[in-house]
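User: I would like to learn how to read a structure feature by feature. Could you take me through one, with the general idea before each case?

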Amino acid sequence: MRILVVEDEERIARFVKTGLEEESYTVDVVGDGPAALDWVASASYDLVLLDVMLPGLNGFEVTKILRSRGVTTPILMLTARDEIDDRVRGLDAGADDYLPKPFAFKELLARIRALVRRAATPGKMDTMLEIGDLQLDMVSHVARRGQREIELTSKEYAVLEYLMRHPRRPLSRTLIREAVWGYDYFGASNVVDVYVRHLRQKLEDNGEPPLIHTVRGIGYKIDDVE
Ligand code: CA
């Protein structure tokens with residue numbers, strides 16, 4: 001899942017980004033209101049974590065503009081402690097929830113999970129991705145192949161989730177890398193291949209039919225029929 005963090009205080013932005021990435025979210029950070037509008041328009045986010053006090057446009061203004069453009073992405077607003085006005089204004093502007101600063105990281109995670117779950121509920125009752133006999137629970141992060149439960153590291157989970165959200169579609173290594181590691185990743189260039197290898201070992205090590213297929217010259221796709 002991809003989250004946009006809109007926060008001009010670098011220390012907080014870094015703390016939040018690091019913590020969320022450990023929980024296998026993909027995180028982009030921008031530091032002002034106009035940039036938030038641009039980024040929401042150009043990528044698809046599962047949630048926007050939006051500070052109220054921002055340069056350019058404040059969090060209320062950003063929320064209003066996004067909602068007026070028909071953007072329904074859940075917005076969790078970071079407000080000042082004890083500013084009841086801020087909370088009401090935020091919700092009135094179209095935010096889905098608020099969290100007063102300073103906050104405990106555990107609480108931030110709980111709010112994010114609740115919003116993502118709520119957003120997934122209308123229409124579809126589940127937060128489960130499925131292909132063939134493979135199931136992936138997006139809330140608990142547990143994978144299951146038939147009856148076999150499979151433990152995943154946070155990055156393995158994120159790669160698998162991305163593949164399963166785009167089933168039967170060839171996805172380039174660059175797309176996968178940007179979706180999972182973000183645009184500012186400068187580590188090993190074969191990182192996607194390394195994680196796909198891990199996933200194959202875990203998902204296909206009991207002689208089950210392969211699900212993750214190599215697409216020559218492009219990258220990978222997940223498919224239950226070859
Ligand atoms: Ca701020």
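User: How many aromatic pairs does the structure hold?

Analyst: First, some ground rules. This is a predicted model, where local features need pLDDT of at least 70 and side-chain atom pairs count only at pLDDT 80 or more, while totals for chains, interfaces and linings use all residues. Residues are numbered from 1 along each chain as its sequence is written, and side-chain values use heavy atoms, with hydrogens and water left out. Now the general idea: two aromatic rings are described by the distance of their centres and the angle of their planes. Rings of Phe, Tyr and Trp (its six-membered ring) pair if their centres lie within 6.5 Å; planes under 30 degrees apart are stacked, over 60 edge-to-face, and the rest tilted. Here there are 3 aromatic pairs. In one of them, W181 and Y185 have ring centres 5.9 Å apart and planes at 50°, so this pair is tilted. Ring pairs also join W181, Y185 and Y195 into a cluster.

User: Is W181 buried or exposed?

Analyst: Buried means under 20% relative accessible area, exposed over 50%, and partly exposed in between (1.4 Å probe, protein chains only). W181 is buried, at 11%, whereas Y185 is partly exposed, at 22%.

User: Which protein donors does the calcium ion have?

Analyst: Donors are N, O and S atoms within 2.8 Å of the metal (3.2 Å for Na, K and Ca); water is not among the atoms, so sites may look incomplete. In this model the protein donors are D8 (OD), D51 (OD) and M53 (O), lying 2.1 to 2.4 Å from the ion. D8 sits in the loop between β1 (2–6) and α1 (10–22), and D51 in strand β3 (residues 47–51), so that distant parts of the chain, 43 residues apart, are linked. D8 is partly exposed at 35% relative accessibility, but D51 is buried at 2%.

User: What span should helix α6 have?

Analyst: Helices (H or I, at least four residues) and strands (E, at least two) are DSSP runs, numbered from the N terminus. The expected span is 1.5 Å times one less than the number of residues. For the 12 residues of α6 (residues 154–165) that gives 16 Å, and the end C-alpha atoms are 16 Å apart, which agrees. Because 10 of the 12 residues are buried, α6 is largely enclosed by the rest of the structure.

User: Which residues does V196 touch?

Analyst: Contact means heavy atoms within 4.5 Å. Not counting residues up to four places away in sequence, V196 touches I212 and Y220. V196 lies in helix α8 (residues 191–204) and is buried, with a relative accessible area of 1%.
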